[in-house]
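Open the model and follow the text through it.

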Amino acid sequence: AVMDSVITLKAAIKVTEDLEDMGFEGNPDRFISGATVAKDLMKRHYSPFYLTQEQHEFVWPAYFGGMTGCLDIDAMREPVEDMIYGDLDGAYNASGQKLEVFKWSSVEWLNPNRTLDIVDRVRRNPSEYWKYGSLHVEVMGDFDNLPVRVGTCGEGGTPSQSEGLVWARMRNYRTVLSLGDYLHSKPKTHVVLKGLMVKRSEDDHSNDCLFDMTARERSKFPKRINGVDVKENYVPNTWWKLAGNTLYGSFANRNGKKRETSGKWFNALVASSITGAIRHSMWTVNEASGALYNDTDSALCTVHGFQKAVDALKPLDIGFSNKTSDELGKHDIAAVAVIQGSKRYALMALDGTFGAKCHGLGSWFVYIDGKVQSVAHNEDILKAVWQFNYPEVFGDPSPDLLSLSVFHKFSIKTLKVANMVQEYARRQWDIPLSEITKYGKAGNFGM
């Protein structure tokens, strides 16, 4: 305990010095995360603009996150061969920079004719997208490819909070779409009712583009020079990388139990325009390459399709890089891939190198080599899970690993779970009711 205390104290002193060296002005008694770093930067360098309630309520239905999942039902049934995992280069940062969101200061309503004129202009010249990327369009009619919110059905059978999006065929449907989503909506008979877009003028904010600034500052502190580690650059390099990667979250920050209380810099138009631009880029990839899987800003596609995606993104000036090696060591191509669904896929190189994700296994554990280890984060066990289900693709699993007992780890965060734990303790060990409050306390966890 003494050793832990000394290490914690020394670490806290060092972290405090590093934060102050980087100009951090946040409260010293607060938990420091990527979000607090970005918010501190925003506080020092950004003068925000806000939407009116009418403008916010117009834009809000168009705001979605990333799209993730399998794009071809056949790829869920059979393994696919010779695949590349591609990734948009700096998706959030690049979109924020190209849209120039830090200059935005006001918006304007557009009539249907002007709205359609802008859409046609972007269709004819895709490189114009960034000039008009803030456009949001209210539509009514029939569409073959619209983003639609998906809810979960709770215990009472009624839909609860939004859980994400699917792309659906909709008829006689009225909604608001970001420009990117409208371009890929495959519209049939429909009408455009009106638009809302940033108004560009000489009165635009003179804020620095923090996406650009963080990238610029980071480039001053390379971690390696001529193959040699530069240790004194580690902290500033990591700081500016973290600050840049978390800026978008400041515009999208919402708090409260249902995330309906806006953060200080929350702006639905900025957030929706950035995520809409990323979905536009990904649909450009999908339509050009015939991609089989998406995860927000990345796609799994064939070798031939990958090059088509790279070429299709050139008018948008967005790069698309081969990141297969992130999953498969030094390999640039997966000889075989199995796609199950969102964040559930496995890749294997020609020499048998294996890489996979299996969302949902992170809180399942085994006891192995004297340690409790997560099924999702132990490479051998994760591989055994995929081998058990696909032995004809990945080979037979180790019998020793298959015989391991698996247990679930849960934390107590709600009254419902606390009551369940207390009831279990009472029944399992016949604990008297007078002592039952010792069990199921918030913050505890069990197996």
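Three helices each supply at least two residues to the lining of the second largest pocket: α5 (91–99), α9 (210–219) and α10 (234–245). Helices here are DSSP runs of H or I with at least four residues, strands are E runs with at least two, and both are numbered from the N terminus. This is a predicted model, in which local features need pLDDT of at least 70, side-chain atom pairs count only at pLDDT 80 or more, and totals for chains, interfaces and linings use all residues. Residues are numbered from 1 along each chain as its sequence is written, and side-chain values use heavy atoms, with hydrogens and water left out.

A pocket is an open set of points on a 1 Å grid over the protein atoms alone, where a 1.4 Å probe fits, with protein on both sides within 12 Å along at least five of seven lines; lining residues have an atom within 4 Å of a point. The second largest pocket holds about 390 Å³ of space. That volume is the space filled by probe spheres set on the points, which are joined across faces, edges and corners. Its lining has 16 residues, and Gly90, Asn93, Lys241, Gly244 and Asn245 lie nearest the centre.

Take Asn93, in helix α5. Asn93 is buried, at 17% relative accessible area. Buried means under 20%, exposed over 50%, and partly exposed in between (1.4 Å probe, protein chains only). Not counting residues up to four places away in sequence, Asn93 touches Phe211, Gly244 and Asn245. Contact means heavy atoms within 4.5 Å.

Now the cores. A nonpolar core is a set of buried Ala, Val, Leu, Ile, Met, Phe, Trp, Tyr and Cys residues joined through side-chain atoms within 4.5 Å. The largest has 82 residues, and Val101 and Phe320 have the most contacts inside it. Helix α12 (residues 268–289) gives the largest share of this core, 10 residues. Apart from it lies another core of 17 residues, including Phe354, Ala356, Ile368 and Tyr390.

Move to helix α15 (residues 379–389). Its buried residues are Ile381, Leu382, Ala384, Trp386 and Gln387. They pack against strands β14 (334–341), β15 (344–348), β16 (354–358) and β17 (364–368), and against helices α16 (391–394) and α17 (399–402).

Finish at Ala35, in helix α2 (residues 34–45). Ala35 is partly exposed, at 37% relative accessible area. The C-alpha atoms of Ala35 and Trp109 are separated by 32 Å, and the two residues are 74 residues apart along the chain.
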